[in-house]
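Thanks for passing this one along. Here are my notes, point by point, to read next to the model.

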Amino acid sequence: MRAPAAAPSAIPAALSSAVFPPRPPRFPPGPPADIAPAFLADPLATLDSLTARYGPLVGARLGGAAVVLVGDPGTARDVLV
């Protein structure tokens, strides 16, 4: 039985733009890496830590998709109204 191949430590630069397309224009600040593992492990703690660091609107990658997390009730109202 063969051992599983080791995961690459980094994505080659040529594939980087295909795997992680550039952030949309006027996208809120946020972490550069995908937050899916942290979000799946503890969604509320992840949202709390991201809003504490980046503010009430956080631009992030979640499972490869560009998402905006809204972590403040007043800001959520502004977004929805």
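**Notes on the model**

1. Starting with the surface: the chain has an accessible surface of about 6,000 Å², and 65% of that belongs to carbon and sulfur atoms. Areas here are Shrake-Rupley values with a 1.4 Å probe, and for residues only the protein chains shown count as cover.

2. A word on provenance: this is a predicted model, where local features need pLDDT of at least 70, side-chain atom pairs count only at pLDDT 80 or more, and totals for chains, interfaces and linings use all residues. Residues are numbered from 1 along each chain as its sequence is written, and side-chain values use heavy atoms, with hydrogens and water left out.

3. On the fold, I get 4 helices and 2 strands, in the order α-α-α-β-β-α along the sequence. These are DSSP runs numbered from the N terminus (helices H or I, at least four residues; strands E, at least two). Of the contacts with a separation of 6 or more, 53% are between residues 24 or more positions apart; contact means heavy atoms within 4.5 Å.

4. Of the 81 residues, 20% count as buried (under 20% relative accessible area; exposed is over 50%, partly exposed in between, with a 1.4 Å probe and protein chains only). The largest nonpolar core has 5 residues: Ile35, Leu50, Val58, Ala60 and Leu69. Such a core is a set of buried Ala, Val, Leu, Ile, Met, Phe, Trp, Tyr and Cys residues joined through side-chain atoms within 4.5 Å. Beyond four places in sequence, Leu50 is in contact with Pro31, Ile35, Gly55, Val58 and Leu69.

5. Have a look at Thr51, in helix H3 (residues 43-54). Thr51 counts as buried because its relative accessible area is 17%. Its side chain reaches the backbone oxygen of Leu47 at 2.9 Å. Skipping neighbours within four places in sequence, Thr51 is in contact with Pro56, Val58 and Gly71.

6. Then there's Thr75, which sits in helix H4 (residues 73-80). With a relative accessibility of 14%, Thr75 is buried too. Its side chain makes a polar contact of 3.0 Å with that of Asp72 (a pair of N or O atoms within 3.5 Å; within protein, one must be able to donate a hydrogen and the other to accept it, and residues adjacent in sequence count only if both atoms are side-chain atoms). Leaving out residues up to four places away, Thr75 touches Pro56, Leu57 and Val70.

7. Lastly, Leu57 belongs to strand E1 (residues 57-62). Leu57 is partly exposed, at 30% relative accessible area.
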